[in-house]
Amino acid sequence: MAKSVPISVSEDYYQISEAVLSSFPKYRLPLDLFVLDEKTVQLLPYYKKDHRLSNEQVEELHKLCQESLLFVSRTDHPIYSQHIIKQLDLVLVDANLKEGEVADIIIQALDLKLADFFAQPVKILFQPLFDDCHVFTEYLWEDRHRIKLFLRRLYQGEHKLTRHSINTLIVGLWLFINAKAEELLRREFDYMALGLLLHDVGMTKVPPPVLNKETQLKQDEKSKIPPHVLNGMQILQKMDLSAAEVKAACLEHHERCDGSGYPQKLKSQQISMIGSIAAVADSFSAMIQKRPYAGAKTLLDAGNELMSDNASYDRRFGTALYTALVTNSF
Ligand SMILES: [Fe+2]
Ligand SMILES: [Fe+2]
């Protein structure tokens, strides 16, 4: 195929795996490919993006790939990552992506699938979200320290329900990993992640003029918010989600230690550990985004506020979060 000036193998190019190559359209690929010349150990341009391949060329391409001779350029990374976002499980088999790149791709994929599901919370749109959440937990299960990559990527822009949910997932899962330590079980880890991600799913039933209002809500509009908890529980039921972790994160994230929360006005001892973690993660995530009624707080200010408010939040989790922020262990 293409012949041109040789290029030295470097960090700027990465090998493409058979799994990734097979996930592209068979006859027309959206990015350039390079082949390794084993004699000179240099890369030669091999395929120019969007060119139509013959059956023989497709065969040759896969053969080169199986021999580990096929590379892509990092300049095509945006195309490559956009492709992987749609088939997220590929990040688990792609050894060439840097950890930060994987974290960015996972966050973008969750944001996309969550937006689809929140726009229409039905089973057919739940499955892709469930699958991507599972890729996320699988990636963390391989190495739990990877949660720090995600903590460094907390979204602090204008309020967006999808990004608020992802922030809550990241912070809550970090608290959960810390709290459970060696006792962490895979099944509860998966469902805890899903529960945190879906804790506000009932907000999709709040009328859009209230949900998207850019100024402070009036009293009658504020009254439309608390039902999101029980509406969320109904949506979970429709999705056949009955795992205790998912239900507790959704039902208890607005409960407060002194009984001032909702919907059940539970007190400290009655709130589950999952509910307590979800409350801290949810409030922290709300504070660090700009909202119509308040500006965005810094991570440190938000952590400090949660740690100091013992009437509302479980001291253990507020303190763990603040300590991590102060000692820069994120
Ligand atoms: Fe909520
Ligand atoms: Fe929330």
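**Domains, helix pairs and a buried residue**

Modeller: This is a predicted model, and the centres of domain 1 and domain 2, taken over C-alpha atoms, are separated by 41 Å.

Biologist: Which residues does the domain assignment give to domain 1 and domain 2?

Modeller: The assignment divides the protein chain into two stretches with given bounds. Domain 1 is 7-76 and domain 2 is 98-326.

Biologist: How many helices and strands are there in the protein chain?

Modeller: The C-alpha atoms of the chain fill a box of roughly 70 × 40 × 35 Å along the principal axes. Of its 330 residues, 36% count as buried. The elements in the chain are 15 helices and five strands.

Biologist: Are H4 and H5 roughly parallel or roughly antiparallel to each other?

Modeller: Helix H4 covers residues 99-119 and helix H5 covers residues 123-142; their axes come within 9 Å and cross at roughly 160 degrees. Angles over 145 degrees count as roughly antiparallel. The crossing is left-handed, and H4 and H5 are therefore roughly antiparallel.

Biologist: At what angle do H14 and H15 pack, and how many nonpolar, polar and charged residues does their contact have?

Modeller: Helix H14 (residues 299-308) and helix H15 (residues 315-326) have axes 8 Å apart and an angle of about 150 degrees, which makes H14 roughly antiparallel to H15. Contributors to the contact include Leu-300, Gly-303 and Met-307 of H14, and Gly-318, Leu-321 and Leu-325 of H15. The angle is about 150 degrees, and the contact has seven nonpolar, four polar and no charged residues.

Biologist: Is Ile-277 buried or exposed?

Modeller: Ile-277 lies in helix H13, residues 273-287. A residue is buried if 20 or more other C-beta atoms lie within 10 Å of its own. Ile-277 has 32 other C-beta atoms within 10 Å, so Ile-277 is buried.

Biologist: Which residues does Ile-277 touch, not counting those up to four places away in sequence?

Modeller: One of them is Leu-175. Ile-277 and Leu-175 are 102 residues apart in sequence and 6.7 Å apart in space, C-alpha to C-alpha. The residues touched are Gly-172, Leu-175, Phe-176 and Phe-317.

Notes: Residues are numbered from 1 along each chain as its sequence is written. Chains are lettered from A and ligands numbered from 1 in the order in which they are written. This is a predicted model: local features need pLDDT of at least 70, side-chain atom pairs count only at pLDDT 80 or more; totals for chains, interfaces and linings use all residues. Domain bounds come from an automatic or database domain assignment. Axes are lines fitted to C-alpha atoms, for helices over the stretch in contact, and angles run from 0 to 180 degrees between N-to-C directions. Helices (H or I, at least four residues) and strands (E, at least two) are DSSP runs, numbered from the N terminus. Angles under 35 degrees count as roughly parallel, over 145 as roughly antiparallel, 65 to 115 as roughly perpendicular and the rest as oblique. A crossing is left-handed if the near helix is turned anticlockwise from the far one by less than a right angle, and right-handed if clockwise. A residue is buried if 20 or more other C-beta atoms lie within 10 Å of its own, exposed if 12 or fewer, and partly exposed in between; C-beta atoms are placed from the backbone. Two residues are in contact if their C-beta atoms, placed from the backbone, lie within 7 Å. Ala, Val, Leu, Ile, Met, Phe, Trp, Tyr, Cys and Pro count as nonpolar, Asp, Glu, Lys and Arg as charged, and the others, Gly among them, as polar.
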